[in-house]
Amino acid sequence: MSTLAMSPLATTAFDGTLAVLIAWTAWQSVTSSEVFRAVVLFVVFGLLLALAWLRLGAPDVALAEAAVGAGLTGVLLLESLGHLRRNKTVEPPETAGRGRLRRWAVGLPAAVAGGLLAMVALRLEPRTPGIAGLVERHQGETGVGNPVTAVLLDFRSADTLLEVVVVLLAVIATYSLVPHGPGLYGPTVRPPATLRPPRQPVLIWFVRRLAPLALLVGAYLWWVGSSAPGGAFQAAAVFAAVYALLRVSGLEAAPPPNARPLRLLMVAGSVAFVCQGLAMMAAGRAFLDLPEAWAYGLIVSLEAVLAASLAACLIALVAGAPRPPRLSRPQRELP
Amino acid sequence: MSLAPQVLPWAAALALALPLLAGAACFVVGGRTAAALALGVAVLSSAAGLVLAAGVADGGVQRLALGGWAPPLGIAWRIDGVAALAVALTGFIFAAVLVHAEKSLDLLRGEGLSEAFRPLALVLLGGLNALYMANDVFNLYVTLELVTLAAVGMVALAGDSAAALRYLLVGVIGALAYMLGCGLLYAAFGTLDLDLLAGRVQPGGTAGAALALMIVGVMAKGALFPLHGWLPPAHGSAVAPASALLSGVVAKGGFYVLLRLWLDVFPATGAAPAAAQILGTLGALAVLWGSLQAIRQTRLKVLLAYSTVAQLGYLMVSLPLIATAAGHASGLAGALHLMASHACAKAAMFLAAGSLIATRGHDCLADLKGAAHDHPMTAFTLGLAGMTLMGLPPSGGFIAKWLLLDASLRSGQWWWAAVILGGSLLAGVYVFLAVSWSMSRPPGEPSDSQPPPLPRRLEFAALALALVAMALGLVSAERIP
Amino acid sequence: MFIILGAVLFALGLYGAFARRNVVLKLVAVNIASSGVFLVVVSAAPTLPDGGTDPLPQALVLTGIVISVAVTAFGLALARRLATDEGRATLDDKEDSS
Amino acid sequence: MIDLLRDGLTILLLLGGAFFFAAGTIGLLRFPDVYSRLHALTKADNVGLGLTVLAFLIQADSVMQGLKLVLVWALAVTASATIANLFANLAHRQGIREWRKPDDTP
């Protein structure tokens, strides 16, 4: 490297500025009276936060924050705002009817909670060291070079298994929101609305060139995840972002909710994860217990399935719930 | 009887894997195959619980290192008698509810609803089984999130998005508090495993704050007073089989986690006695407030939902009893017994309510006149399960309350006994209200109006649950390891 | 420094989650609060002897981020459903005082 | 010696980049209408970004690293051009007229 190194003072100044900026965007996002502005500020907040994660020495989290926390959540929020606008939803101004009293009644406890939290966390004395040493000692047995990936897909794979199921469950729950007429699997359930934006030649030109590149980046994130920051979730978020781009530029229709291949792809991640765990048992080991010689291959191939399957789930979430069959009005709830 | 050593790990893994795989399958295929699969898996899950219970009776509490990595590096499951029986009972309740749901949901709104119900219920079952066995605070967080998301999805099935959203928001905020506690515990004590934490936690601000955060989190998720506000609208508006699962089983999930923290980690902080009195007081308020609200309701399902708030209050009242040496054993046994018997009884009552809704199209108490005449078995189910809520002998609720009374007198805390007795009296009033309407004859009888048909299996599913709630009065929970 | 930031974000998010009426904004606030929680979880853990960051809290936070996006996505789907059915995107004051 | 020269150049380029970024931001804040603001934002910022990337490029350790930097630059430039086009298009379709000096208008 060069002779230019950051002095401690410069790092502190940088961190301080970053923290103030993050807090400011969060404050603006929480208090802005305009919904769209609040959402955009939230995305900016997420991107700044990704920088903070880098400063904290957590590049994996930084990638996830940028791709999932800011990127994908931002896309979801904006999609929903668009939907609410199209439906002419009544949006009372956010400050109307909010007395000062109420603001204090909510704000004061929140501030106290934050203050107490800061106090406890700052005065925290570590009594027993964490497991970083153990991770380092046993990382070789997983064949994976990135300690975070080793924790996620081997040491604590039970957490990750359930987390993959949570993503699938979000899709299942979202799809079950269609008012039920002749069945969730009936041919009359219509896919979520496709956006029909005015044709934008420049945007289309750009998206056509960006999409393959972004797919490449996603694949790279999956591949590199075993040895460097990255992994299946980040890759899936990039794939879903490509879909969102195609969607806003009018190049891609919404996924058909009844297409069986698509549903199979969505459940593939969870099913593969569970089956891998059971297969280890059948081989005389513990549930999810990967043998050392195979660990690397199993983790990388499982991550490939996860990346594809999670991407399908996230795409479905971006597109939203299917619409009810035409002509049948949503039935009102029975008591 | 002695089990082969491999049987227990298989039973535990399958209790998680089968519901998840079946849930995934039911998302891809529908129809009769899926219905049979769902029911079969619920029964198998229950059987797995029985196998686990046999294994525990045989070889004591079992710890399974997942992924082959022992804590603190990896995650372990701990399978004790409580977890094993919880798996068994939950599987049974799910089976009964699925039998009911296949018919009642379709009577309500055509084919689609039961198809949407199945995958949600199965993933919920898998999540609950993982919750019972988890022995790692963060793993518990993930299972809690899984359970909450599935439960919110079930509430939303009825179309009341506002109630579902409120549930979701409270659940997320509770989860945040809980996760914050996990992070603090790890930073201070270097592990997330409950057994290891029990040995490492020392009194002090960090442990106290972490546990306070986690307890507030699970109280929000478990609708424990005063964070119960989301429960009555959510459980009251959900379709009846969903309410049966939510009120019967899911509502206990929060308290189950609270109890695990309470028994393993809390004693080491030195704050247990003070916290116990606070939580007990909140529980007493829940009993009073929930019961009084239940009495005021005009709809059967909302009445039952408020009754759940009250019954969860008893569980919190058990905490100050468990915290004393004299009341520990019977207090704990009473709480566990109450969880089990209330789970069956409340599920039975919601299913019975669902049967009435399926034929009458509503559950307004004032218009339930003549229900007992038309559907005697369903009315009988309501009454039988109501006995457990009141704590009348020989129901499971009676044993539970007896144990709790015993614990409060033994530990010299008579005021909790007063709460328990007073709550039972109020429970008597609202159960009477629920049942008496159906018993009364409609004016202008006898008419030639044919009672609307009610499929047999709806009535039997509810009755089976009520009978189990009653049968729990014949066993004692004191011997569970 | 980032611990304090985390606590500030947690407080801001909590405030927003209760003070906001629009469901989308409530969800934004909840996401801000969870970011705060994640920051505290990672930065409260002691730094490693070699100056690195403990991988375990990072893994926990990764799990947390994915779960929170899944929950947010379903919450937004519910909000859209609420808008379609009832033409509103808010929860009433009386209702949300849980 | 080479190192020193390189670092000096980096600092110069970074300062130049900062200047253009600042100019772009001032333009964003001070220009009178959407079109001129977009112009300030995209043109000046792209130059600023180019200088910044160049500053890092001469510090790059490997060819791969350098290529990634160039990729970042290329993506950011095309993206900002596309977005500027979208904004301008939208503004145009909404009938927003470009600003003229008050005395130009009849």
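Between chain B and chain A there is one salt bridge, and that makes a handy place to start in this predicted model. The partners are B:Asp136 and A:Arg156, whose side chains meet at 2.8 Å, N to O. Around that pair, the interface of chain B and chain A also holds seven residue pairs in polar contact, counting those with both residues at pLDDT 80 or more.

The size of an interface is often given as the accessible area lost when the parts come together. For chain B and chain A, the buried area is about 5,500 Å², and carbon and sulfur atoms give 73% of it. On the chain B side, the residues that lose the most area to chain A are B:Phe27, B:Trp69 and B:Leu73, which together make up 15% of what that side buries.

Let us turn to the other partner of chain A that we can follow closely, chain C. Among the four pairs of chains that touch, chains A and C have the most contacts. Here 66 residues come from chain C and 88 residues from chain A. Together the two chains bury about 6,600 Å², with 76% of that area on carbon and sulfur atoms. Within the share that chain C buries against chain A, C:Phe2, C:Tyr15 and C:Arg80 supply 11%, more than any other three residues.

What is the count of salt bridges between chain C and chain A? The count is zero. Polar contacts are there, though: eight residue pairs, both residues at pLDDT 80 or more, join chain C and chain A in this way. Helix H1 (2-19), helix H2 (23-44) and helix H3 (55-86) of chain C each supply at least two residues of the side that touches chain A. H3(C) gives the most to that side, with 25 residues. By class, the chain C side has 45 nonpolar, twelve polar and nine charged residues.

Along the principal axes, the C-alpha atoms of chain C fill a box of roughly 55 × 20 × 15 Å. Even so, buried residues make up 78% of the 98 residues in chain C. Among contacts in chain C between residues at least 6 apart in sequence, 61% join residues at least 24 apart.

Some pairs of chains do not meet at all. No contact joins chain C and chain D, and their closest C-alpha atoms lie 22 Å apart. Chain B and chain D have no contact either, with their closest C-alpha atoms 35 Å apart.

In chain B, look for B:Asp106 in helix H3. Is B:Asp106 buried, partly exposed or exposed? Its relative accessible area is 27%, so B:Asp106 is partly exposed. From B:Asp106 to B:Ala175 the separation is 69 residues in sequence and 34 Å in space, C-alpha to C-alpha.

In chain A, A:Arg199 sits in the loop between helix H7 (157-175) and helix H8 (201-224). Because its relative accessibility is 67%, A:Arg199 counts as exposed, the cut-off for that class being over 50%. A:Arg199 and A:Ser249 are 50 residues apart in sequence, and their C-alpha atoms are 7.5 Å apart in space.

Note on methods. Residues numbered from 1 in each chain as written. Chains lettered and ligands numbered in written order. Predicted model: local features only at pLDDT ≥ 70, side-chain atom pairs only at ≥ 80, totals over all residues. Heavy atoms only, no water. Contact = heavy atoms within 4.5 Å. Buried area = accessible area lost by both parts, 1.4 Å probe. Salt bridge = Lys/Arg side-chain N within 4 Å of Asp/Glu carboxyl O. Polar contact = N/O pair within 3.5 Å; in protein donor to acceptor, adjacent residues only side chain to side chain. Helix = DSSP H or I, 4+ residues; strand = E, 2+ residues; numbered from the N terminus. Nonpolar A, V, L, I, M, F, W, Y, C, P; charged D, E, K, R; others polar. Buried < 20%, exposed > 50% of the residue type's maximum accessible area, 1.4 Å probe, protein only.
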